Amino acid sequence: MVSKTDSFGFNETKMFQVARDCSPDDHKHTQNLVESKDDMLYVWNAKNCCILVLNWRAAASRKQDELKHQTLIPSAPQNFTVEKILPSTDGTFLALAGPKGVSIIELPRRWGPSGQYQNGKECIICRAYNLDEHLFTESATLELLQIRWHPASPTDSHLLTLLSDNSIRVYDVDSLRHVWRIGPTPTPQPVVIGSGSGVGGGSKHGSSASFVGSPGTAVASPGVTSKLAYLNSLGDTAVDFDIAPPRVVSSATGGSGSVGADTTFSPTTTLSTTSSTVTATKPAIAPKEGTLMNDSVIAQKNKKAPPTAGAGGTKVEWPIVILRGDGNVYVLCAGIDTNRPKLQGPISIQPQVDDNYGLDSCSLIVIPTLPPTVIIAESTGKTHHALFLEESCPLERSLTSEQLADSNLTLHPCEWYLHVLETVELELGLPSVEETKEAKSYSCPLHLKRDPLNEARYFAYHNAGLHAVTLDFTRPLHEFVQQEGTDELVEKYPLFNSHSRAEYVVCTKALQNANTNAVLGFTLLQSPSGLVLFLASGQVVSLDLITDHSLIRKWPLSGSTKKAGNSESPIKNMLKDSFQKRIQSILRSGLTQPILKLDQTTEPTPQEAFELLTQATRMLRENYFVRHDKARQEIEKREHVLKLLKQQQLNDIEELQAEKQKIRATAERLAETYEDLCDKQNSLFKRAQEVVRLATLRLPKGSFSEKQFTERIEKIHQSVKMLQKNVDQAKQKITTQQMELEMKKKTAKEKTFTLPVKQEDIIKQIIGEMYTQIDSNVKDVKKMNNILNLT
């Protein structure tokens, strides 16, 4: 049954009833056990270790006949707790990930009227591959932090995994292809605290910056445990990564090799920005190399052909943006087949601040805008929106202390930098009165997911619910980059004047000491657009989404303008619209009221209920009553001004009435005078006509105008005769042509086809020869039958 918080009716489906009964035991922290790909919805069954699949689009179309869900059973059981599922780019594989392992499941084929797997078979055993099981069992402290499918995989099977030992492993289904080192490597050696300065400057690491490794390189020991704890405390471990849009680079500056004094970076198209303006800088030579390209176009090209060096020594490179816990951002320049990629960083973040935009970073995504937008999230609820721009002179930057302190870790100068445009602080739960007074708030890790249909929107889900953040600078920035011109474009496109909007969609924490109703799954649906949120309490929230908010905002304004323009004057319409916009801006609240989905296992105490009521009352008093009072004052002020304007208009009307009487008397007097003049003019005109007529009668010959008229009549008469003659000739031609056509038709009907005599004789001769030959063959057959006694 469809409700306001369940637009797609998933709460009543059997699939989510099974998922509700088989929810994971550890449901106190946020997980992602629900995903979707095209029209298929996947839910992980934690109790039975299987995947529940439903074609939600076909189920929505078949309202009366309920469509049953399917169960996909992995052929190899998982030895770890699954906390995240992720389908591949084309929906061929499904990755299961947890802190202590990762597995890939090969999805079966789909056919049938409902578009289900294997024509709707209820239970299907799927081939599963557990990746590097011994690696996690041998190392007690090693954990998997993030997984991403590579968008340029030609077989849709390349999976990138981020481990807590500062390494990214690249798998092609069950085979390990690469191990890329992205930070200090924990070694089984005792750690001495205080032996160095800076971030990661107190120890030597025993591995190179990037190498091709094999599973089983980590060894469990007390030294590794202390080393990992030490790196985590300093924030030197990577916590998240994402793949940026690709670029074309020359093979000389590609992922292999080191950057030396003679190394030359390929020229790129760069954007240099300040806090209020953005200026495009054109490259001097080779503008096609190093330019960030469209993500989807390159992905489609690479799926058709493996990424290799093309003509002219160019190749496609996918920058991998890596986030560490201390807020530093690194870039790994690599392709799918790159053995030794370049690790660049830390990226310079502008404008500079003391806390480096967060000391407790937890998540990162890259939105493929132009230029790309990097979103960095902190556990405190802050998200930083930054542009991923290219450095004009990357070799002029000096190496950091971390690079100089670790000789085995090769860090190259950065070719990019981040320009932070704004910081959005999300409210994690409804704050209580005590938290407001003490300026304290709840904190938890944030998980980011971008909207595939709208590049200007992304979502953040966490233990306290779900937020939707819309970026207002992506559309004008894209238009600005595509335009060609000079500095006048800066005045035409005022960038970064509007702030992004954050909407608190679903709130799962309203009380300070209440149980956490964490998010166990979040996914986005397409065609129609919507979202699905699966909570730890078993509740499912499914809402419709608007694809583009800018179009919806324009519709009511255009409609009201057309209606008002038909019945009111333009000045009155302008005044009315401006005042309406003023009142709307005053009443528009900066806060959104989320949907409350609290934990229903325990009833709130009277104290907690009173606290929730106090929060609602305070919110109404501080955010709504104040705005209504201000709107009332504006309306009273407007009323006073309109009264004064009305009084002045009444005085003007009286003066105009008096002036109107004077004008009317003058008009009557002028009308009488005009009538007298008209009568005199008519009498004079008649006398003049009579004089002209008498003078014309006394002339000896006709006038000049009469001669011209007779000549014109004669010319017209001659032309009429010529036309009549031409018409008669045309009629005669038509009759003759019709007679000829009739004669040809008669001859065509009477004509018969006859062969020439010579050809007829030849055909008769051939038929006679064939007859004699057949007769001889029949006699031979009879002789053979007599000889063989077959009769």
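Q: What share of the 791 residues counts as buried?
A: In this predicted model, 42% of the 791 residues of the protein count as buried.

Q: For contacts between residues at least 6 apart in sequence, what percentage joins residues at least 24 apart?
A: That figure is 66%.

Q: Salt bridges next. How many does the structure hold?
A: The structure holds 17 salt bridges. One of them joins the side chains of R247 and E415, at 2.9 Å from N to O.

Q: Where do R247 and E415 sit in the chain?
A: R247 is in strand β17, residues 247-250. E415 is in the loop between α6 (401-405) and β27 (416-425). The two are 168 residues apart, and the pair links distant parts of the chain.

Q: Are R247 and E415 buried or exposed?
A: R247 is buried, and E415 is buried too.

Q: Which residues are linked with R247 and E415 in a network of salt bridges?
A: E317 and K342. Together with R247 and E415 they are linked in a network of salt bridges.

Q: What does D165 pair with?
A: D165 forms a salt bridge with R181, and the closest N and O atoms are 4.0 Å apart.

Q: What about D172, which residue does its side chain meet in a salt bridge?
A: R177, at 3.0 Å from N to O.

Q: Why does D172 count as buried?
A: Because its relative accessibility is 14%, and buried means under 20%. R177 has 37% relative accessibility, so R177 counts as partly exposed.

Q: What is L535 in contact with, leaving aside neighbours within four places in sequence?
A: T508, N517, A518, V519, L520 and K597. As for L520, the C-alpha to C-alpha distance to L535 is 5.3 Å, with the two residues 15 apart in sequence.

Q: And H150, where does that lie?
A: H150 lies in the loop between β12 (144-149) and β13 (158-163). H150 counts as buried because its relative accessibility is 3%. Apart from neighbours within four places in sequence, H150 is in contact with T89, H158, L160, I243, W318 and I336.

Q: Now the surface. Which residues gather in a patch of negative charge?
A: E668, E672, E675, D676 and D679. Of these, E672 is placed in helix α12, residues 606-697. With 54% relative accessibility, E672 counts as exposed.

Q: Which residues form a nonpolar patch on the surface?
A: I762, I766, M770, I774 and V778, which together have about 450 Å² of accessible area. I762 lies in helix α14, residues 757-788.

Notes:
Residues numbered from 1 in each chain as written. Predicted model: local features only at pLDDT ≥ 70, side-chain atom pairs only at ≥ 80, totals over all residues. Heavy atoms only, no water. Patch = residues over 30% accessible without salt bridge, like charges linked within 9 Å, V, L, I, M, F, W, Y side chains within 5 Å. Areas by Shrake-Rupley, 256 points an atom, 1.4 Å probe, with all protein chains shown as cover. Lys, Arg positive; Asp, Glu negative; His and termini not counted. Charge placed at Lys NZ, Arg CZ, Asp CG, Glu CD. Helix = DSSP H or I, 4+ residues; strand = E, 2+ residues; numbered from the N terminus. Buried < 20%, exposed > 50% of the residue type's maximum accessible area, 1.4 Å probe, protein only. Contact = heavy atoms within 4.5 Å.
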